[in-house]
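Please examine the sequence and the model shown below. The report that follows takes up selected local features, then the cores and the cavities.

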Amino acid sequence: MINYDLVVVGGGPAGMAAALKAKECGVEKIVILERAETLGGILEQCIHTGFGLHYFGEELSGPEYAARFIDLVKETDIDVKINTMVLSVNDDKVVTAVNTVDGLIQIQAKAVILAMGCRERPRGALQIAGTRASGIMTAGTAQKYVNIDGYMPGKKVVILGSGDIGLIMARRMTLEGAEVKVVCELMPFSGGLTRNIVQCLDDFGIPLRLSTTVIETHGKERLEGVTIAQVDNKLQPIPGTEEYIECDTLMLSVGLIPENELTKQAGIELDRITNGAVVNEMRETEVEGIFACGNVLQVHDLVDYVTLESQIAGEGAARYILGKNTDEKVYINTTPENGVRYIVPQKVNIKSKEDVKLYFRVGAIYKNKKLTVEVDGNILSSKKKVKLAPGEMENVVIPASVLATLNKNSTIKVRVED
Amino acid sequence: MYDIAIVGAGVTGAMTARALSKYNLKIALLEKCNDVAMGATKANSGIVHAGFDAAEGSLMAKMNVKGCAMMPETTKKLNVPYKNNGSLVVAFSQEEDEHLKSLLARGKANGVPELKILSKEELLKLEPNLSNEATSALYAPTAGIVCPYELTIAAAECAVSNGVEFIRNCEVKAVNTDAEKITLETTQGAIEAKYVINAAGVFSDDLARMAGDDTISITARKGEYFMLDRSVGDTVKHTIFQCPSKMGKGILVSPTVDGNLIVGPTAEDIDDKSNVATTNSGLNDVRKYAVKSVPSVNTRNAITSFTGLRAHAAAHEFIIGISEKNSRLINAAGIESPGLTSAPAIAEYIEDIVKRIFPDATVKADYDDTRKAPVRFRHMTDEERAELIKKNSAYGRIICRCETITEGEIIDAIKAPAGARDVDGVKRRTRAGMGRCQGGFCGSKVVEILARELGCSINEITKFGGNSNILFDKTK
């Protein structure tokens, strides 16, 4: 058994930011366990720009954004173990992992930060009928083939789902000479960022068909085509709207699922909407000393927010390890209402001495509405919004001065209003 | 020239090859696809049937009951997971209650041990998640579950280790028979053998016809399935059948040996013997009928869906023996359910025929009817894992996160006798890519490992042979 103060599971943007913040706050022995060959996580294959506008005030590519943190990690004495897969984390904070160099490792940690990221929803979950031909893959897998391996996974492409990776890959495949025939989106709106729809589809004349899905795949060996159809307001295909589209590749960008298998193993409660852990304002889970941040906690729209969230978790872990968590704790739940799907953090310590930022997403497209925060029945704030979309994360601040006035029966509600 | 060429490396062909590999005979196992177990064997329910379905006195009934009895020992020798979970045929009406009695009587006549009828109370106590509409059930404690392709892969490995030559991508296009031999014109050139065993599944009538035997007619009967996530794998403990109809045994709900829940199959006769596409209507039927016996089955938990083709002979009877039209052809045709269960018995049955044809064939001194257990990292204790990685560090690199499959296991699968040559072959042998992300993360790594181990470029790697390439040219 090896001892560390802090074990960070995952060396992507979340894990690195959390580890760096914990170091800055005075934690001594920290190790980052990363399953891939390098630090950086999924950013390494995101060679497009658009990262860092909020955090660095400049536009970086994914690898550039990651490199800034990798360089910072290297300047510290934070240990990094790459090619290392964590097999389990238990509620006593014993982390079991394997790699080719150390073999099987067991680490006793004082605190653990879970930063495993998320994975793409696969075909099986969609239950598309048809053949099992090759050429059906998630957009992220295709992105790896193109950007890391340097091979084309297809030439005539249909994309199902308008998540950000799908949109980015529509542009990427076009630039590499492939023909992207259409992007189909089941919902009446896209789950991707508006800027990506404009820059990746509109600028290249790629049609986005809303309320449309793929109902069948064709081709016995390599994919030869798909049948698409419009869907009604119950998301069921409308007979008579079927259309055959010839293609050799179907890319799926139909949602991301936080990778919480380790979290579940550790007996940590998950939020049914976010599929991430239930956390307090320091991103501490229901198991004391185990924190979660980044896409394993909630799927973010921008990496900049991952970084900010992970710094909170890093600071929270540091306070826990260094015994600075002496403040009295009185938790109340945050409540999403009317149009707001979830709120992270799910609970807030009203004895917190700092402002608390609540992050959330709305469930549909709204235009000219207000985002209202109600505390103990009083309107704390009500901000006018020209547009609210499920693809973009929103946030509101609860000032420490307001928290100081609350009691254990207080309520914090966030909703969309006229 | 081979003494025997076996055409078709499904469970029948592979188990037969294993049984015959004990003799000093020159044997080839020919397969038109890039791997073993690519036809009906790949996509079926994985049930070891007790043997009450087949008609009394039929060869099917004999093979079924014998195969069921042989399966525990066979799977033990081949180190293939097998579970004796028992099966229940559930009745939902007085009429079906009566039908169960006839099944019981037939089962007893077929020699199925321990069969009994359970009352509704007994049934629901045994399987609390069954529908409250159930009225009674036929309980067969000897039934079990096995992974059909794992059994086949293991049998082929065993056969090849004992000297059988496995020739893949070898499709028979024409057959010529003369006084001394039978010549198969194949996509791998001409192959001569003294005798041919026809284990060609849905294509066994076509092969027989090429060899001058037009007495067999096989219909491809399609069955569609859902495979549900392990989180609902313990919904039922037994294999739950509904009362059989003319088209088969109806929609079943069963745990699999790998801990998933399988739901299906439909039954639809089709013309195209290579059509394994799922359909919206078929999958809807599975959804609709599965909840009749187990109301909590929810295909939202599906990790994948698939279609299999049964090789249905008009008489619904196994056709096993020397062809009346060509004495160099030994048919093993019409092997549909309970073909998987029967495979060990069918192999022995064919072995007896071969012994009569080659009375002087001696048994190899070094014949070994076992297959060594493959490394299964996910089933090991931490101590065993630590030891394993010390010996070979490739077992310390996890490739498939969902199923915890190491690089070492994937390399083993490729290097094994009759080993994997494509992504699906690796998946069937190791489970890499079979979990909840369905290869999203590990798929590209498996492609890399295959290319490295096979000494080719990654765009030559296929999903399952043929033109199922995964990658095209290099990027700009």
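Is B:Glu114 buried or exposed? B:Glu114 is exposed, with a relative accessible area of 57%; buried means under 20% relative accessible area, exposed over 50%, and partly exposed in between, with a 1.4 Å probe and protein chains only.

## Basis of the report

This is a predicted model, in which local features need pLDDT of at least 70 and side-chain atom pairs count only at pLDDT 80 or more, while totals for chains, interfaces and linings use all residues. Residues are numbered from 1 along each chain as its sequence is written, chains are lettered from A and ligands numbered from 1 in the order in which they are written, and side-chain values use heavy atoms, with hydrogens and water left out.

## Backbone features

Most residues other than glycine have a negative phi, and most peptide bonds are trans. B:Glu114 has a positive phi, near 65 degrees, and lies in the loop between α3 (94–110) and β6 (116–119) of chain B. Helices (H or I, at least four residues) and strands (E, at least two) are DSSP runs, numbered from the N terminus. Phi is also positive at B:Arg431, near 80 degrees. B:Arg431 is placed in the loop between α11 and α12 (443–454) of chain B and is buried, with a relative accessible area of 6%.

A cis peptide bond, with omega about 5 degrees, joins A:Val344 and A:Pro345. A:Pro345 is in the loop between β22 (340–344) and β23 (347–349) of chain A. In chain B, the bond from B:Gly264 to B:Pro265 is cis, with omega near -5 degrees; B:Pro265 belongs to the loop between β16 (261–264) and β17 (268–270).

## An aromatic cluster in chain A

A pair of aromatic rings is described by the distance of the centres and the angle of the planes. Rings of Phe, Tyr and Trp (its six-membered ring) pair if their centres lie within 6.5 Å; planes under 30 degrees apart count as stacked, over 60 as edge-to-face and the rest as tilted. The count comes to nine aromatic pairs over all chains. One of them is the tilted pair of A:Tyr55 and A:Phe69, at 6.0 Å centre to centre and 35 degrees between the planes. This pair links distant parts of the chain, with A:Tyr55 in the loop between β3 (49–51) and β4 (60–61) of chain A and A:Phe69 in helix α2 (residues 62–75) of chain A, 14 residues apart. A:Tyr55 is partly exposed at 30% relative accessibility, whereas A:Phe69 is buried at 3%.

A:Phe69 also forms a tilted pair with A:Phe56, at 5.9 Å centre to centre and 55 degrees between the planes. A:Phe56 is in the loop between β3 and β4 of chain A, 13 residues from A:Phe69, and is partly exposed, with a relative accessible area of 27%. A:Tyr55, A:Phe56, A:Tyr65 and A:Phe69 form one aromatic cluster.

## Nonpolar cores

In soluble globular proteins, nonpolar side chains tend to be buried together. A nonpolar core is a set of buried Ala, Val, Leu, Ile, Met, Phe, Trp, Tyr and Cys residues joined through side-chain atoms within 4.5 Å. The largest has 57 residues, and those with the most contacts inside it are B:Ile4, B:Ile6 and B:Val354. Elements of chain B that give two or more residues to this core include β1 (2–7), α1 (11–20), β2 (27–30) and α8 (339–357). Leaving aside neighbours within four places in sequence, B:Val354 is in contact with B:Ile4, B:Leu20, B:Leu25, B:Ile197 and B:Ile330, where contact means heavy atoms within 4.5 Å. Apart from this core lies another, of 45 residues, among them A:Ala142, A:Val180, B:Ile405 and B:Val423.

B:Leu29, in strand β2 of chain B, is buried, with a relative accessible area of 0%. Beyond its neighbours within four places in sequence, the contacts of B:Leu29 include B:Ile6, B:Ala14 and B:Phe166. B:Glu351 is found in helix α8 of chain B and is buried, with a relative accessible area of 6%.

## CavitiesThe structure holds three cavities of 30 Å³ or more. On a 1 Å grid over the protein atoms alone, a cavity is a set of points where a 1.4 Å probe fits but cannot get out, and lining residues have an atom within 4 Å of a point. Grid points are joined across faces, edges and corners, and a volume is the space filled by probe spheres set on the points.

The largest cavity holds about 70 Å³ of space, and its lining includes A:Arg35, A:Met85 and B:Arg397.

Definitions and conventions:
1 Å grid on protein atoms, 1.4 Å probe; cavity = no way out; pocket = protein on both sides within 12 Å on 5 of 7 lines; lining within 4 Å.
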